[in-house]
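Here's a walk through this fold, from the overall layout down to a few individual residues. Keep the viewer open as you read.

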Amino acid sequence: RRNLLEEALQNGYLVETERHGEARLDGDKRNATPYLVEVAGYYAAMIDLSNPAARSWARGVIRSELLGSGASGWMADFGEALPCDGIALHAAQTAPCAFHNQYPAEWAQLNQEAVREAGLEDEV
């Protein structure tokens with residue numbers, strides 16, 4: 001069974017915390033600390049959708065773990081949880097507050113792309 005959190009951590013696919021106001025994205029993924037958001041009573045990490053490799057990985061997860069298991073629908077919510085401060089994004093030139101408003105649209109688009117890549121647009 002895949003450990004998706006471990007995969008994401010090892011590859012630097014998660015939104016990270018800032019350290020003393022400076023981005024932690026220093027190329028050494030072992031130093032990365034994911035930014036955790038509280039959602040409905042539990043903590044979750046968020047995929048850094050400003051990272052093209054993370055986007056590709058997430059589409060693959062949707063295809064293999066959701067669509068591959070026969071799911072014909074799911075709730076792709078919580079995209080609105082990206083904070084405005086205290087985070088570091090892969091695309092360092094991207095201001096977190098600006099990406100906060102863009103993130104839900106990017107998350108919805110990513111889900112749609114995964115369905116399209118799987119050739120299931122008319123079924124899901």
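## Overall layout

Going along the sequence, the chain follows the pattern α-β-β-β-β-α-β-α, and the secondary structure comes to three helices and five strands. Helices (H or I, at least four residues) and strands (E, at least two) are DSSP runs here, numbered from the N terminus. This is a predicted model, so local features need pLDDT of at least 70 and side-chain atom pairs count only at pLDDT 80 or more, while totals for chains, interfaces and linings use all residues. Residues are numbered from 1 along each chain as its sequence is written, and side-chain values use heavy atoms, with hydrogens and water left out.

Of the 124 residues in the chain, 33% are buried. For the cut-offs, buried means under 20% relative accessible area, exposed over 50%, and partly exposed in between (1.4 Å probe, protein chains only). Take the contacts (heavy atoms within 4.5 Å) between residues at least 6 apart in sequence: 64% of them join residues at least 24 apart.

Strands S3 (residues 36–39) and S4 (residues 42–45) run antiparallel and are joined by four bridges; two strands pair if DSSP finds at least two bridges between them. Leu36 has Ala45 in S4 as its bridge partner, and Glu38 has Tyr43. In a regular strand the side chains alternate between the two faces of the sheet. In S3, Val37 and Val39 make up the covered face, with Leu36 and Glu38 on the uncovered one.

Two residues sit between the strands of this hairpin. Ala40 lies in that loop between S3 and S4, and its phi is near 55°, a positive value in a residue other than glycine. Ala40 counts as exposed because its relative accessibility is 71%.

## Helix H2

Helix H2 (52–66) has 15 residues and reaches 21 Å from its first C-alpha to its last, close to the 21 Å expected at 1.5 Å a residue. That expected span is 1.5 Å times one less than the number of residues.

Which residues of H2 are buried? They are Ala54, Arg55, Trp57, Ala58, Arg59, Gly60, Val61 and Ile62. The buried residues of H2 pack against H1 and H3.

## The largest pocket

The largest pocket holds about 720 Å³ of space. On a 1 Å grid over the protein atoms alone, a pocket is an open set of points where a 1.4 Å probe fits, with protein on both sides within 12 Å along at least five of seven lines; lining residues have an atom within 4 Å of a point. Grid points are joined across faces, edges and corners, and the volume is the space filled by probe spheres set on the points.

The lining takes in 27 residues, with Ala44, Ala45, Met46, Ile47 and Trp107 nearest the pocket's centre. Helix H1 (4–11), S3, S4, H2 and helix H3 (96–117) each supply at least two lining residues, and H2 gives the most, with six. By class, the lining has 23 nonpolar, two polar and two charged residues. Here Ala, Val, Leu, Ile, Met, Phe, Trp, Tyr, Cys and Pro count as nonpolar, Asp, Glu, Lys and Arg as charged, and the others, Gly among them, as polar.

Two residues to look up in the loop between H2 and strand S5 (87–88) are Glu80 and Gly73. Glu80 is 21 residues from Asn101 in sequence and 7.7 Å away in space, C-alpha to C-alpha. Not counting residues up to four places away in sequence, Glu80 touches His100 and Pro104. Gly73 counts as partly exposed because its relative accessibility is 46%. The C-alpha atoms of Gly73 and Val124 are separated by 5.9 Å, although the two are 51 residues apart along the chain.

Finally, look at Glu18 in strand S1 (residues 16–19). With 33% relative accessibility, Glu18 counts as partly exposed. Glu18 and Ile87 are 69 residues apart in sequence, yet 5.1 Å apart in space, C-alpha to C-alpha.
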